[in-house]
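This report describes a structural model through its overall build, chain contacts, helix packing and selected local features. Please refer to the sequence and coordinates shown below while reading.

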Amino acid sequence: MSNAVSALQGAAFSDGIAEVRELGLRGMITLRGDLSDKKLIKAVKAVAGAMPEQRKIALKGDAGAAWMSLDELLLMVPHSDALGTVETLNSALNGTHFLAANVSDARAVFEVSGPYARDVMAKLAPVDFAPDAFEMGMFRRSRMAQVPAAFWMSDEDAFRVVCFRSVGEYMFDLLSVAAQTGSEVDVF
Amino acid sequence: MSTRLKTGGRFTDGGAQLSFDFNGKKLKGVEGDTLASALLANDQMMVGRSFKYHRPRGIVASGGEEPNALFNMGGTDDFEPNQRATVTELFDGLKITSQNHWPSLEFDIGAINKHLSRFLPAGFYYKMFIHPRPLWKHVYEPFIRQSAGLGKAPRAQDRDPDTYEHFYHFTDVMVVGGGVAGLQAAYAAALTGVKVLLVEQTAHWGGRAPVDGGEVDGLPVGNYVDNLVAELSAMDNVTMRTRMMGAGVYDHGYVLGYERLRDHQPAEIGPRHRLWRIRAAQIVTATGAIERPLSFAGNDVPGVMLAGAVRDYAVNFGVSIGDRTVVVTNNDDAYRTAITLKGLGLDVPCIIDARAGGGGALAEDAKALGIRVENGKAIAKVKGTKRVTGVSLCVQAGEGAELEEIACDAVAMSGGWSPVVHLWSHCGGKLIWDEQQSHFRPDAERPPMGATGEGFVSVAGSANGHLQLAELIGDAHGAGLAAGRAAGGNAAKATIPEGAPTSENPVEPVWLMPQGAGIKLRSKTWLDYQNDVKVSDVQLAAQEGFESVEHAKRYTTLGMATDQGKLSNINGLAVLSDALGQPIPQTGTTTFRPPYTPISMGAIGGEARGKVFQPLRKTPLYEWSDTHGSDWEPVGAWRRPFAYLQPGESVHDAVNREVKNTRENLGLLDASTLGKLIVKGPDAGKFLDMLYTNMMSTLKVGKCRYGLMCSENGFLIDDGVVARLDEETFLCHTTTGGADTIHGHMEEWLQTEWWDWNVYVANVTEQFAQIAVVGPNARKVLEKLGGMDVSKEALAFMEWADGTIGGFDARVFRISFSGELSYEIAVPASQGLAFWEALIEAGEEFGAMPYGTETLHILRAEKGFIMIGDETDGTVIPQDLNLHWALSKKKEDYLGKRAHQRSHMADTDRWKLVGLETVDKSVLPDGAYAVEEGVNANGQRNMFGRVTSTYYSANLERGIAMGLVKNGPDRMGEVIEFPKTDGTIIKAKIVDPVIYDPEGAKQNV
Amino acid sequence: MLILECPCCGVTGEETEFHAGGEAHLKRHSVGSTDDQFEEYLFMRENPRGVHLERWRHNNGCGKWFHAARCTMTLEVFGTYPAQTYEPPQEIKDAISAKRPGWSWRNFS
């Protein structure tokens, strides 16, 4: 649908120590199943390009797969492909015990970028963001201030943050406050 | 008088001149000053009045332990009370006023209290204000409240303009304290290769060592410190922070660090304070030691100061406290003050040493400078009121008979040094009494225990009881190495630094001066300056039976002021021990609790203020509703429209309009917040049969069924409509509040009890915008939009179908919570707004209007539908709500089934759901109780029912209500009484709860 | 504030990522049980000063339930293990025994 809109319609904040941007609609699929099942691995590779290891994210172009839990992945595809991907999975995994659900619209996705992106993240999540502790390829579910969130690095100086759509505005405001001018921590 | 010396100071040399405002007076200071040093440079010795007796009080200390120099700081929005002058760095334009006096600091009416002091003994308030009882509320309490507290509270209308933030930090070793010991410990730890965080609460590295002097590795200690700082700064694995206090140590290596970023430069942009939430594998506390005052009469007169502080002001800021300073001591360290002052050309008329044997090498140095030293002597009392004018010399072993009066304008006192054990103690580190040094120090054998059961805190330097540079430098080095290794570091090789040995005579405990001081002197001898507690008060407490140190503390308020007794605790418990005739370790200490010194509320709140105070959950229709008159109602973290107000309309009128319009035409409701859980798998039906009280496994694909959920102990926890999507897949709707909790409930049972059942659950609540299209015209608007057959034949009541409506991908449920023809339509959240607007536009000719949660409630109450949270409160079972039909008799088991068999659950006297019709058509108050004759065991009227839902029904033009009433269904037609809080009574008739369309004809068309 | 390691995803996180869930290894009694059995199952809980086996959920994380063996006195954590078990695994028992010889908890020791 051309009239489909994300929670914040691409809001951005760039007057601080890092840039904060809502990335618009992303295709996301919750896939629950036996992650060691060959059929499932094959299906995941087919739609997302790669199968992630524990606590990792495997990215391939616009697509990717993140390890959410022992029996759960978050598959990322272009927004317009999400429903089709669910159908693809449903037929590929037919006969096994699994659940594939389109959750694209239940999420909001942000990017925090710039030399102080780590500082901004470390103000909000109880996670070690030191360069030797949090690296490209890692995927972490935790909380940011008062809401659940998941995040990973999309570049050397950039983080992607996913939260529920309903708290998208809170997350954007939160990241913007944490990125306010003059708030560099300078430890990383 | 106190004044700025021409000799300059370590911190102020080369500093620009600054001006600040004290009680409306313009005063000058220098960049590098603290507020305290600047006040002293301006001869502002008196800085406040004490809490109880309003006695004049001067600056006593030079650090965070300062009890007296507390100020109101700032103007309106930035106003803050109780700011300590000794830790406030001066900046241009700083504005302060002194506290606790009226009308002025110099002339204070409250000072009359000091003449009443013998009528204000320890426990005065407890004794005085207990009788007569009725006077407490209207006379005593208002009076005490008015006089209590030190600073003024900020005004309610003012808003703090500053911002604050948190920061999560992870390190292997954290060293608290940037004195020479902390620097050395950090350096040694860093050599092992681990990550080190070193924090110092002041703006300067080095602590006391550069003031006190001495040599390490052949270098003056000041130079040694500079070298250490330079080396640490160059190490990649070391993070160093000044103006950051280790505020508290908590379980499993959690430390709070309080960083003050803008207090000294308020014009800079950025957060004012940052609260670091640190996890450290090992913590080294190098927090130094605090000098104790001596207990002699008049030890609170302005001009009496700790000897170390006198030295600090002279060396660091070039400020002298007086022209003639008498030094009084029980240890050698205070001689350094005398020698320093003499070296600056100031007069030291006498060093009064309470020890009969006097001091060691430093005493010889002092004598060589021509300073008079009196061993075995004491101060009987200090002369002067607003300023010291002299001291009366006496024998320490005697009762205070004056030998001579020594004229002076300052007294530098030292009662020995107490290690700062706070951070060691916060998380359970134990202390031992060091007999030789007369202080408590950490017991290395009993450290705080961490997650692995090993100690995670160690101590370095004077905080560990090593008061001599020669000892403490090696101790700190060892502590740093050990911490580094314990945190996973290498076995680093490093030469142990050597401090030049000094020869000092041991301290002698002097808890009262002179030893035999009579009551007259003792009642002028202060222990706690801020809370006005004297030696005589503690002795009285002991005499009255307050033998536990914790009880004596609360009775006398010793150590309970904002300084938390940093100067007074040890002296106080020594006096208590003496009064009880027991050794000090037997008395013990009070509990050390974080934070070490007060931290700002702003820092604790962090970023959580204003728009990010708490998360607000918003549906895709939030903005539309907000611009269309929504009167918002909080529903958990969600905001839902209570009603949509048209211009000029009251909430009441809007609700009545929405109710009538929905019954007569067409209403649209944003139902997106309803929980939506997908339950899938071969065992999904079996699983839902356990979760719901009714049978779900028999539900046909394409059909919907209303279900109830109980907890294991039988109480109703949620309800909602379940739709079967395919053979293996169900969609369970929950209440708005239940979405997350029921999802968690399902996961809990699947993961912890039935882990061998093949079921997956996914929470897709926010994937969809769900809109209820309700009213006689509901079908018309959907047919107009077109795309799928929504006729009765194609989509009967309690069926669902996928399709498109007006071009939108939609899942349509024929379910009704209103009793009207109703469709609930789910579309992807990203298309929710567009779909809603399409409905509004297409519905215009059918009278479409949005409605809010109040209308939803009224419509369901007219139908007698229950609402989780209104009719249920965690003690209500389905049987109470006449929902027996929803309790499967075929199922062997379901959550709550066994609990329903318990005797109380089957009791025929339980309160049960009925409708309530007021005799006068008024609206019953929510939660009102039905009463009958007699009283219960607590003397309350006997109650037999209560109102659970109550509304004004515009359709019926009267109040409608539901309630739970004892044997209610058997009492139809009976009129019962509900007293209101104003004493009047409303009468209501017990009726059937289903008022509107009991046959269900309206919804089934 | 505790630190726990989630045995399901392997994350070591602070307590704010987790949710405490009371006593572990309860045996469910339902239809057919006596009133005493049912009361025991619903309400009777251990409250030891020492070793405790308890449930936690990694709610701000992978969402999984797990068990922890912890000392309620010192807050020492002896180990965590997945919830799909009727008794603590031998290595957890051994870890507790190493630190608290002679411990017992309900019918485990």
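## Basis and overall build of chain B

A residue is termed buried if 20 or more other C-beta atoms lie within 10 Å of its own, exposed if 12 or fewer, and partly exposed in between, the C-beta atoms being placed from the backbone. The model is predicted: local features need pLDDT of at least 70, side-chain atom pairs count only at pLDDT 80 or more, and totals for chains, interfaces and linings use all residues. Residues are numbered from 1 along each chain as its sequence is written, while chains are lettered from A and ligands numbered from 1 in the order in which they are written.

Of the 1005 residues of chain B, 55% count as buried. The C-alpha trace of chain B spans about 115 × 70 × 55 Å along its principal axes. Chain B contains 25 helices and 51 strands; helices (H or I, at least four residues) and strands (E, at least two) are DSSP runs, numbered from the N terminus. Two residues are in contact if their C-beta atoms, placed from the backbone, lie within 7 Å. Among the contacts in chain B with a separation of 6 or more, 66% come from residues 24 or more positions apart.

## Interfaces between chains

Between chains B and A, 39 residues of chain B are in contact with 42 residues of chain A. Strand 9 (164-176), strand 36 (675-680), strand 40 (760-763) and helix 23 (832-843) of chain B each supply at least two residues of the side that touches chain A. Strand 9 of chain B gives the most to that side, with six residues. By class, the side of chain B that touches chain A holds 18 nonpolar, twelve polar and nine charged residues. In this scheme Ala, Val, Leu, Ile, Met, Phe, Trp, Tyr, Cys and Pro count as nonpolar, Asp, Glu, Lys and Arg as charged, and the others, Gly among them, as polar.

For the pair of chains C and B, 20 residues of chain C are in contact with 21 residues of chain B. Helix 1 (residues 35-43) of chain C contributes the most to the side of chain C that touches chain B, with three residues. That side of chain C comprises ten nonpolar, five polar and five charged residues.

## Helix packing in chain B

Two packed helices are described by the angle between their axes and the distance between the axes. Here, axes are lines fitted to C-alpha atoms, for helices over the stretch in contact, and angles run from 0 to 180 degrees between N-to-C directions. The axes of helix 8 (residues 333-343) and helix 9 (residues 361-368) of chain B come within 9 Å and cross at roughly 25°. Helix 8 of chain B is therefore roughly parallel to helix 9 of chain B, a term for angles under 35 degrees, whereas angles over 145 count as roughly antiparallel, 65 to 115 as roughly perpendicular and the rest as oblique. Tyr335(B), Arg336(B), Ala338(B) and Ile339(B) in helix 8 meet Leu362(B), Ala363(B), Asp365(B) and Ala366(B) in helix 9. The residues of this contact divide into six nonpolar, no polar and two charged.

The axes of helix 7 (residues 307-317) and helix 8 of chain B come within 8 Å and cross at roughly 30°. Ala307(B), Val310(B), Arg311(B), Ala314(B) and Val315(B) in helix 7 meet Ala334(B), Arg336(B), Thr337(B), Thr340(B) and Leu341(B) in helix 8. The contact of helix 7 with helix 8 has six nonpolar, two polar and two charged residues.

## Annotated spans

According to UniProt (unreviewed entry), the feature "domain: SoxA A3" lies at residues 523-605 of chain B; UniProt positions are given in the numbering used here, feature names are shortened, and annotations may be inferred rather than shown by experiment. Residues 523-605 of chain B are 46% helix and 6% strand, with the end C-alpha atoms 43 Å apart.

The UniProt annotation "domain: Aminomethyltransferase C-terminal" (unreviewed entry) covers residues 912-997 of chain B. That span is 0% helix and 56% strand, and its end C-alpha atoms lie 22 Å apart.

## Local backbone features

The peptide bond from Met513(B) to Pro514(B) is cis, with omega near -10°. Pro514(B) lies in the loop between helix 11 and helix 12 of chain B. Another cis peptide bond joins Pro594(B) and Pro595(B), with omega about -5°.

Ser438(B) has a positive phi, near 55°, and counts as buried because it has 23 C-beta neighbours inside 10 Å. Phi of Lys921(B) is near 70°; Lys921(B) is partly exposed, with 13 other C-beta atoms within 10 Å.
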